[in-house]
Amino acid sequence: MDTSQYKTQFTALYGRAPSFIARAPGRVNLIGEHTDYNNGFVLPIAIDREVTLVGAPRADRIARVYSINFDQIAEFSLDHIDHDTAHDWNNYIRGVADVLQKAGYTLGGFDAVMQGDVPIASGLSSSAATEMATVMAFTAAAAGSPSPLQIDGVSAAQVSQKAENQFVGVNCGIMDQFISSLGRRNHALMIDCRSLDYKLVPVPTGATVLVVDTTAPRTLAGSAYNQRRAECEEGARLLGVASLRDITAAEFDHHAGELPPVIAKRCAHVVHESQRVLDAVAALQSNDIAAFGALMNQSHDSLRDLYEVSSKELDAVVDIARGEPGVFGARMTGAGFGGCAIALVADEHATALALKVQDEYPRRTGRTPKVYACVASDGASWQEI
Ligand code: GLA
């Protein structure tokens with residue numbers, strides 16, 4: 001990203017030069033959906049769209065940020081962090097500051113200009129990117145001070161998740177913040193959401209991850225997400241395990257008939273989806289993209305029929321993509337109920353697929369999609385400028 005214009009804006013706004021740039025990416029999940037809060041496996045990539053904070057430390061304890069996307073400026077004191085009812089976007093920054101301080105980290109104030117090209121509220125984790133970029137900004141602002149902020153990538157993700165859960169009030173799992181923190185260029189990250197161990201897995205060469213934003217509003221996303229979480233917890237309780245991670249797919253299938261039908265469907269998705277992540281990693285490691293794509297397709301069908309979090313728009317994208325040349329697999333990504341779908345397509349067919357979706361999707365849904373080709377990118381970082 002060319003940041004020169006944000007530096008110019010910083011100087012115009014604050015009357016001095018910025019000294020750091022902090023950044024963190026959005027994500028798409030290749031496979032492993034609704035498994036993170038069940039302590040299972042996920043396989044996301046960080047994408048080449050990110051939130052950037054260009055800033056400089058202040059001598060006092062004020063954090064002041066101008067958001068280019070919202071054309072608003074908001075500030076708060078690190079000594080008194082309450083919710084900002086006028087600037088929703090500022091609560092991600094406040095939440096991170098609050099959680100960091102409650103965890104015992106010493107923070108200093110800063111001025112910043114924030115900008116992002118992760119589409120907002122589209123299911124590509126602009127909120128996790130904002131949280132992780134904020135951790136980086138506080139780290140940058142405290143560098144060289146008597147009490148520098150030292151935090152490892154896993155802890156930074158945990159802080160960001162806690163900010164989202166406890167301050168913003170969204171009960172998400174750890175996946176989005178974890179990949180925004182620890183993603184790596186040209187790699188997907190297999191995360192064990194129970195132990196928080198992780199493994200980098202090279203993404204296949206010769207294939208493009210095409211992201212299609214359905215542009216449909218994400219209705220029900222919050223309430224239905226919490227309902228699915230509760231159904232999984234109920235399933236685990238009835239099965240006598242601490243979480244759905246603690247039962248294998250084969251064991252589950254043996255006991256599924258003992259559960260109420262809806263709970264059985266939800267749990268069936270989760271236990272098989274977590275296994276699919278392991279199978280998908282094995283497929284990538286043996287360079288079997290066709291097998292990987294087939295698992296993506298199974299994942300979508302399970303999310304549509306068993307977990308029931310797809311939408312007619314997501315199904316339309318998947319249906320269009322699957323019929324096209326060079327497509328290995330297609331599925332919804334993220335929480336569902338709108339948002340984005342992804343297709344894994346041979347590089348030489350990617351442009352044709354994008355054109356096909358742009359042509360066919362509006363006919364089927366009456367909406368105009370946004371189509372992006374994504375590259376697996378590095379996780380959060382900061383540097384002096
Ligand atoms: C959202 C949440 C994640 C994860 C996915 C579903 O993106 O933020 O923690 O639960 O939904 O896989």
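A polar contact is a pair of N or O atoms within 3.5 Å; within protein, one must be able to donate a hydrogen and the other to accept it, and residues adjacent in sequence count only if both atoms are side-chain atoms. This is a predicted model, in which local features need pLDDT of at least 70 and side-chain atom pairs count only at pLDDT 80 or more, while totals for chains, interfaces and linings use all residues. Residues are numbered from 1 along each chain as its sequence is written, and side-chain values use heavy atoms, with hydrogens and water left out.

View 1. A side-chain N or O atom of Asp36 is 2.6 Å from a ligand oxygen. Tyr225 also places a polar side-chain atom 2.6 Å from an oxygen atom of the ligand. At Ala335, a polar backbone atom lies 3.5 Å from a ligand oxygen. On its own the ligand has 310 Å² of accessible area (Shrake-Rupley method, 1.4 Å probe), and the protein covers 93% of this.

**View 2. The shell around the ligand.** Residues surrounding the ligand (a heavy atom within 4 Å) include Arg27, Glu33, His34, Cys172, Met175 and Gly334. The shell comprises five nonpolar, three polar and four charged residues, with Asp, Glu, Lys and Arg counted as charged and Gly as polar.

**View 3. The two domains.** An automatic or database assignment gives domain 1 (4-202 + 378-384) and domain 2 (207-374). Their C-alpha centres are 26 Å apart. Contact (heavy atoms within 4.5 Å) joins 35 residues of domain 1 to 42 residues of domain 2. Each domain supplies at least three residues to the ligand shell.
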